Amino acid sequence: MSTTDATADPLAALGTLPGVPEAVESMRKAVDRVYGHRVMRRRSNELTAEAALRGARGSAALSGADWALEEVRRRTDFSGDEEARTMGAALRLSAEAGQLLSIWRQSPLRVLARLHLVAAASNDDTVGRPRQQGEAVHEPLVEPPLPGATEVSGRLDGLADLIIAGGSAPALVTAAVVHGELLALRPFTSRNGLVARTAERIVLIGSGLDPKSVCPAEVGHAELGRAAYLAALDGYVSGTPEGMAAWIAHCGKAVELGARESTAVCEALQRGAA
C-alpha cells in the first residue's frame, strides 16, 4: 500500500471504496451476535480460550499445517516436523497477542519484532528484525513477488506511522491493511503469514471491535480456503481500488465466519455439549 496518498487519512479513504461499507456493516452484525449471546455474560473466558485455539489452528492451516482441531487439543509436543513446528508457532502467537495490545499503538514495529521472535523460537541472528538485502525468505505458500529490503524498510515505517497516527478508518480496514501489507512485504525470513494474521487479530482486539478476542478471523480465512486467500491478496498487491476493496471484503468475511464459529460454540456451551 502506498502511504504517500494525498489524503490526510488514507485508511479512512479505503473505507469508502465500493463494497467496503457493506462489508464493515455485515461483519459488525456478526460480531454483535456473539457479544449479545447470553453465554458471553457468564463464560466469556472459556469462549476466549476456545477462540484462541481455533484461531491458531486456522492460521497454521494457511501456513501448511492443516490439522484437525482435536489433534491440536491432544498434542503436547510441537517440536517434531515442520508441520508440528508451524502449529506450535501459531499457538504461541495466539497466546502472545493479548500481551502486546498496550505496545501496539505506540510501537508497532517493536510488536512485530516480538511476534517474529515468538514464532521463530530460534537464536538465529535473522530473527526479530526485518530481513536484509540478499537474505532468503521461507514462505512457500505466499506467491506475490518479493519486495527488496529497502522497499520493505520504507513501507514498514509508513505502516507504523499510519498506526501511530490513528484515524477514523473502521477497524476492519486497518486490520486488513496491516495483514495485507505484512503478507505482501514478508519482512522477516520466516513465519510472515503467521505474524501477519496475529497482527490482524491485535488490531481487531485493540480497536474495541472484538475486545474479548472471540471472533478469530484466522478461522474464517482458513474456511474460505488458501486459493481464495491468495487471490484476494493478489488484489491487495495490485494496489487498485477494486483489488483493495476485494481484500478488505475478504477479511471482513473471515471475521464474520470466525464470529459465526464462536456463536456456534456459545450454543454448544449453552446446551452443555462443549
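Trainee: Which residues lie nearest the centre of the largest pocket?

Mentor: In this predicted model, the largest pocket has a volume of about 330 Å³. Its lining comprises 17 residues. Those nearest the centre of the largest pocket are Arg105, Gly166, Thr174, Val203 and Ser207.

Trainee: Which helix gives the most to the lining of the largest pocket?

Mentor: Helix 6 (101-104), helix 8 (149-165), helix 9 (171-185) and helix 10 (192-206) each contribute at least two residues to this lining. By class, the lining has nine nonpolar, six polar and two charged residues. With three residues, the helix that gives the most is helix 10.

Trainee: How much space lies in the largest cavity?

Mentor: The structure holds one cavity of 30 Å³ or more. Helix 3, helix 5 and helix 10 each supply at least two residues of the lining of the largest cavity, and the lining divides into four nonpolar, four polar and one charged residue. The space in the largest cavity amounts to about 40 Å³.

Trainee: Is serine 94 buried or exposed?

Mentor: Serine 94 is found in helix 5 (residues 82-97) and is one of the residues that line the largest cavity, together with Ala56 and others. Beyond residues up to four places away in sequence, serine 94 touches Ala52, Ala56 and Arg201. The cut-off for burial is under 20% relative accessible area. Because its relative accessibility is 16%, serine 94 counts as buried.

Trainee: Why is the pair of tryptophan 67 and phenylalanine 78 described as stacked?

Mentor: The structure holds three aromatic pairs. In the pair of tryptophan 67 and phenylalanine 78, the ring centres are 6.2 Å apart. Planes under 30 degrees apart count as stacked. The pair is therefore stacked, since its planes stand at 25°.

Trainee: How many residues apart in sequence are the parts that tryptophan 67 and phenylalanine 78 tie together?

Mentor: Both tryptophan 67 and phenylalanine 78 are buried. Tryptophan 67 lies in the loop between helix 3 (38-62) and helix 4 (69-74), and phenylalanine 78 in the loop between helix 4 and helix 5, so the pair ties together parts whose separation in sequence is 11 residues.

Trainee: Which residues form one aromatic cluster?

Mentor: A pair of aromatic rings is described by the distance of the centres and the angle of the planes. The members of one aromatic cluster are Tyr229, Tyr236 and Trp247.

Trainee: How many residues apart are glutamate 261 and arginine 54?

Mentor: A search of the whole structure finds 16 salt bridges. One of them joins glutamate 261 to arginine 54, with the closest N and O atoms 2.8 Å apart. The pair links distant parts of the chain, glutamate 261 lying in helix 13 (residues 241-271) and arginine 54 in helix 3, at a separation of 207 residues.

Trainee: Is arginine 57 buried or exposed?

Mentor: Arginine 57 forms a salt bridge with aspartate 66, the closest N and O atoms being 3.0 Å apart. Aspartate 66 has a relative accessible area of 58% and is therefore exposed. For arginine 57 the relative accessibility is 19%, so arginine 57 counts as buried.

Trainee: Which helices hold glutamate 96 and arginine 114?

Mentor: The side chains of glutamate 96 and arginine 114 meet in a salt bridge at 2.9 Å, N to O. At 15% relative accessibility glutamate 96 counts as buried, while arginine 114, at 37%, is partly exposed. The pair ties together parts 18 residues apart in sequence, because glutamate 96 lies in helix 5 and arginine 114 in helix 7 (residues 108-120).

Trainee: Which residues do salt bridges that share partners join into one network?

Mentor: Glutamate 261 is partly exposed, with a relative accessible area of 24%, and forms a salt bridge with arginine 54. Both belong to one network, joined by salt bridges that share partners, whose members are Glu50, Arg54, Glu70, Arg73 and Glu261.

Trainee: Which residues does histidine 221 touch, not counting residues up to four places away in sequence?

Mentor: Histidine 221 is placed in helix 11 (residues 217-224). Its relative accessible area is 0%, so histidine 221 is buried. Not counting residues up to four places away in sequence, the residues that histidine 221 touches are Leu62, His179, Glu200, Tyr229, His250, Cys251 and Ala254.

Definitions and conventions
Residues are numbered from 1 along each chain as its sequence is written. This is a predicted model: local features need pLDDT of at least 70, side-chain atom pairs count only at pLDDT 80 or more; totals for chains, interfaces and linings use all residues. Side-chain values use heavy atoms; hydrogens and water are left out. On a 1 Å grid over the protein atoms alone, a cavity is a set of points where a 1.4 Å probe fits but cannot get out, and a pocket is an open set with protein on both sides within 12 Å along at least five of seven lines; lining residues have an atom within 4 Å of a point. Grid points are joined across faces, edges and corners, and a volume is the space filled by probe spheres set on the points. Helices (H or I, at least four residues) and strands (E, at least two) are DSSP runs, numbered from the N terminus. Ala, Val, Leu, Ile, Met, Phe, Trp, Tyr, Cys and Pro count as nonpolar, Asp, Glu, Lys and Arg as charged, and the others, Gly among them, as polar. Buried means under 20% relative accessible area, exposed over 50%, partly exposed in between (1.4 Å probe, protein chains only). Contact means heavy atoms within 4.5 Å. Rings of Phe, Tyr and Trp (its six-membered ring) pair if their centres lie within 6.5 Å; planes under 30 degrees apart count as stacked, over 60 as edge-to-face and the rest as tilted. A salt bridge is a side-chain nitrogen of Lys or Arg within 4 Å of a carboxyl oxygen of Asp or Glu.
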